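Dear colleague,

Here is the structure I said I would pass on. My notes on it follow below.

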Amino acid sequence: GDFITSPEISQVFGELIGIWYISEWIAAGKPKAFQLVELGPGRGTLADDILRVFKQLASLLSKCDVSIHLVEVSPKLSEIQALVLTGGKVQLNPEDEPAYMKGVSKTGNPIFWYRDIQDVPPGYSFYLAHEFFDALPIHKFQRTERGWREVLVDIDPEVPDQLRFVLSPSSTPATVNFIQPEETRDHVEVCPEAGVVIQRLACRIEKDGGAALVADYGHDGTKTDTFRGFRNHKLHDVLIAPGTADLTADVDFSYLRKMTQGRTATLGPIKQREFLKNMGIDLRLQVLLQNAPDTATQEQLRHSYDMLMNPEKMGDCFHFFALLPHHRLVHPEKKDKPESKSPLLPVAGFGELLLK
């Protein structure tokens with residue numbers, strides 16, 4: 001209850017993401033099966049909205065086997081997800097199985113829970129990471145006259161039950177490994193775990209096809225000190241009463257791009273309001289307003305739209321970032337028949353963005 005996420009603000013958010021995956025599935029030639037893999041699915045709201053879209057487009061997906069794979073380490077959250085997505089009808093698997101729980105979603109899709117991305121079976125997959133990377137632990141570094149120093153947590157000697165930040169007296173292994181020689185900032189946050197996860201996603205997409213969509217607070221290698229806490233929807237000192245607040249740090253998308261090591265193409269980051277506008281949120285809002293039963297519902301829809309799109313609210317601080325197979329964006333060279341190339345379908349949501 002320390003924060004509210006976009007899927008909980010408006011169903012439109014999840015619907016448009018569902019459309020994005022359908023669009024990429026069509027662009028890939030409508031494979032006979034795909035896995036939707038969500039990392040850190042929260043309360044299951046986003047997956048629920050996406051599955052509703054898949055059900056509405058059942059005639060389009062009729063020849064495709066769609067399965068849902070949730071990577072969730074929290075027993076409490078997996079219970080909530082099971083309730084939202086299956087009505088609580090799940091069964092626990094034996095410990096030697098990769099998935100610790102399974103069931104059937106209310107839309108009739110098989111659904112599985114895992115503790116690690118590596119436990120998810122290989123295969124053509126669409127990956128989703130919404131407000132996942134910002135919750136992973138970070139290392140903080142400060143440039144000093146004596147070189148880079150890591151920011152560490154210490155007990156305050158003057159107030160024994162309080163914590164404080166200190167600089168490492170000398171270089172640490174993390175300083176040596178995580179600071180890039182070309183770094184120009186004076187304060188840097190690095191999330192090695194995010195690097196590992198993105199490498200795994202890039203390897204899977206390179207090998208089996210599919211795409212990954214990342215939506216999160218973030219920047220493209222420009223911000224410095226973004227580590228903060230939220231408690232009861234207010235900013236909270238990260239060192240006071242540890243374990244009682246939600247901790248977050250903005251995702252460095254330039255680091256994620258670097259960590260794909262060229263295995264996939266990347267698009268973005270693009271601001272949330274631009275992505276949702278490109279995906280047709282304005283048209284969707286008009287349809288919902290026309291179908292709204294009363295003015296109170298209409299007002300709620302407009303309020304939700306404003307929360308998602310307003311630059312002062314979520315519109316500019318959240319970004320979308322995608323991993324796609326190289327061939328999705330660049331034609332393989334056909335020296336013999338260059339004229340036979342079919343036009344590449346644009347990637348929904350990312351508009352005329354230049355490929356990075």
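**Cysteines**

At 31% relative accessibility, Cys203 counts as partly exposed. Please keep in mind that the model is a predicted one. The closest cysteine sulfur to that of Cys203 belongs to Cys191 and is 17 Å away, too far for a bond. Cys191, in turn, is buried, its relative accessible area being 10%. A disulfide needs the two sulfur atoms within 2.5 Å, and a search of the whole structure finds 0 of them. Cys191 accordingly takes part in no disulfide.

**Nonpolar cores**

The largest nonpolar core has 54 residues, and those that touch the most other members are Trp20, Tyr21, Phe54 and Phe350. Helix H2 gives the most to this core, with 8 residues. Apart from it lies another core, made up of 34 residues, including Ala99, Ile117, Ala174 and Ala212. As background, nonpolar side chains in soluble globular proteins tend to be buried together.

What does Phe350 contact, once its neighbours within four places in sequence are left aside? Its partners are Trp20, Leu213, Leu267, Gly268, Ile270, Phe275, Asn278, Phe320, Phe321 and Ala322.

**Backbone**

Pro269 belongs to strand E16, which covers residues 265-271.

Lys30 sits in the loop that runs between helix H2 (11-27) and strand E1 (33-39), and with 43% relative accessibility it is partly exposed. The other is Ala241, where phi is about 50°. Ala241 is in the loop between strand E13 (234-236) and strand E14 (246-248), and its relative accessible area of 34% makes it partly exposed as well. For context, most residues other than glycine have a negative phi, and most peptide bonds are trans.

E12 (residues 228-231) pairs with E14 over 3 bridges in the antiparallel sense, and Phe230 stands opposite Asp246 in E14.

An open sheet of 4 strands is also present, antiparallel in its pairing and ordered E9-E8-E7-E10. Which strands are at its edges? They are E9 (163-167) and E10 (187-190), each of which pairs on one side only. Neighbouring strands of this sheet are turned by 30° against each other on average, again with direction ignored. Strand E7 (residues 139-144) and strand E8 (residues 147-155) are antiparallel partners over 5 bridges. Opposite Phe141 stands Glu150, a residue of E8.

Regards

Terms used: Residues are numbered from 1 along each chain as its sequence is written. This is a predicted model: local features need pLDDT of at least 70, side-chain atom pairs count only at pLDDT 80 or more; totals for chains, interfaces and linings use all residues. Side-chain values use heavy atoms; hydrogens and water are left out. Helices (H or I, at least four residues) and strands (E, at least two) are DSSP runs, numbered from the N terminus. Buried means under 20% relative accessible area, exposed over 50%, partly exposed in between (1.4 Å probe, protein chains only). A nonpolar core is a set of buried Ala, Val, Leu, Ile, Met, Phe, Trp, Tyr and Cys residues joined through side-chain atoms within 4.5 Å. Contact means heavy atoms within 4.5 Å. Two strands pair if DSSP finds at least two bridges between them. Axes are lines fitted to C-alpha atoms, for helices over the stretch in contact, and angles run from 0 to 180 degrees between N-to-C directions.
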